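Work through the exercises below with the sequence and the model at hand. Each task is followed by a solution in steps.

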Amino acid sequence: MTADIIDGKAFALGLRERVGKQAAAFTARTGRQPGLAVVLVGDDPASSVYVRSKGKATAAAGMQGFEHRLPAATSQADLIALVDTLNADPAVDGILVQLPLPGHIDERAIITRIDPDKDVDGFHPVNAGRLATGLDGFVPCTPLGCLMLLRHQLGDLSGKEAVVVGRSNIVGKPMAALLVKESCTVTVAHSRTHDLAGVIHRADIVVAAVGVPRLVKGEWIKPGAVVIDVGINRTEDGLVGDVDFDGAVSHTAAITPVPGGVGPMTIACLMRNTLVSACRREGVAYDANALG
Ligand SMILES: Nc1nc2c(c(=O)[nH]1)N[C@@H](CN(C=O)c1ccc(C(=O)N[C@@H](CCC(=O)O)C(=O)O)cc1)CN2
Ligand SMILES: [Mg+2]
């Protein structure tokens with residue numbers, strides 16, 4: 001079996017172009033650009049790269065970026081004060097605080113401080129609740145990107161057996177909620193799952209998001225399954241996913257590579273969510289079909 005290698009980079013570029021077109025229409029209509037504020041605390045090198053990429057993508061989409069780089073020793077109170085300022089700023093449609101935060105800051109306290117209607121990361125419990133109950137809100141960018149790739153690959157997902165490996169609030173849980181919404185039969189596996197190989201072998205769709213390099217082996221995968229690898233693990237062999245790509249590729253119908261699979265979709269979906277936020281806040285219609 002020769003697997004399709006899912007080109008997340010190309011898909012993400014296409015989505016960013018479509019967002020850019022609608023951002024231009026928004027600006028023509030309202031006289032202002034959609035605005036995204038990105039906050040980075042500290043100097044983690046990977047986070048710094050992601051924040052720079054977000055700034056570039058924001059400008060390329062014709063949106064206004066507000067970048068706040070704060071020292072690692074910034075107090076929680078000062079960070080909360082900045083979030084409050086951004087919540088109140090009418091030019092800011094989306095607020096994103098780059099994770100992880102330094103250890104002395106309580107991530108939950110920051111995430112819950114963001115106005116849920118500017119929470120383009122979709123991490124606020126109000127948005128998690130909206131997703132779980134089928135209300136309009138913001139869906140976290142990485143699982144939203146995974147869903148777009150799955151729909152592109154498979155079309156209708158209804159009735160498919162899906163296994164999500166990992167139960168984080170930012171990927172695993174929202175991914176499972178999205179797949180339930182698509183009428184998949186969903187299993188969430190994690191570090192305590194007894195027979196991970198057996199659970200994965202049932203799946204038509206595997207989404208791996210555990211942060212363990214090459215945990216998912218090729219022979220565990222049901223022939224013809226579609227595999228989405230969310231892992232970005234820096235190892236001696238370079239950047240690798242949570243799936244043993246070389247072992248898996250001959251078993252799957254389609255698989256995302258690392259890099260160039262899910263990663264670029266995260267930033268494209270952030271652009272999408274920011275545009276949607278701006279449109280909702282101004283009561284401007286947008287073409288949701290072009291943003292999927
Ligand atoms: N507030 C947030 N923090 C974090 C998020 C998030 O969505 N919101 N996600 C990740 C980091 N992230 C974006 O912030 C991100 C990760 C990876 C990529 C990406 O394009 N990866 C490339 C590889 C790049 C590399 O060499 O490192 C790829 O997979 O092709 C984009 C964004 C955690 N924090
Ligand atoms: Mg912390």
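**Exercise 1: the annotated spans**

Task: describe the span of residues 140-280 by its end-to-end distance and its helix and strand content.

Solution. The end C-alpha atoms of residues 140-280 are 17 Å apart, and the span is 38% helix and 18% strand. Helices (H or I, at least four residues) and strands (E, at least two) are DSSP runs, numbered from the N terminus. An unreviewed UniProt entry places "domain: Tetrahydrofolate dehydrogenase/cyclohydrolase NAD(P)-binding" at residues 140-280. The unreviewed entry also puts "domain: Tetrahydrofolate dehydrogenase/cyclohydrolase catalytic" at residues 6-121; the end C-alpha atoms of residues 6-121 lie 24 Å apart, with 49% helix and 16% strand. UniProt positions follow the numbering used here, feature names are shortened, and annotations may be inferred rather than shown by experiment.

This is a predicted model, in which local features need pLDDT of at least 70 and side-chain atom pairs count only at pLDDT 80 or more, while totals for chains, interfaces and linings use all residues. Residues are numbered from 1 along each chain as its sequence is written, and chains are lettered from A and ligands numbered from 1 in the order in which they are written.

**Exercise 2: helix α10**

Task: check the span of helix α10 (residues 262-282) against 1.5 Å a residue.

Solution. The expected span is 1.5 Å times one less than the number of residues. Next, burial: 18 of the 21 residues of α10 are buried (20 or more other C-beta atoms within 10 Å of the residue's own, C-beta atoms being placed from the backbone). Just after α10, G283 has a positive phi of about 65 degrees.

**Exercise 3: the shell around ligand 1**

Task: which elements each supply at least two residues of the shell around ligand 1?

Solution. They are α2 (45-60), β4 (94-97), α6 (141-154) and α10. α10 gives the most, with four residues. Of the 18 residues around ligand 1 (C-beta atom, placed from the backbone, within 6 Å of the ligand), Y50, L99, P259, G263 and T266 come nearest. Domain 1 (31-116) and domain 2 (141-262) each provide at least three residues of the shell; these bounds come from an automatic or database domain assignment. The centres of domain 1 and domain 2, taken over C-alpha atoms, are 29 Å apart.

Key:
Buried ≥ 20, exposed ≤ 12 C-beta atoms within 10 Å, placed from the backbone.
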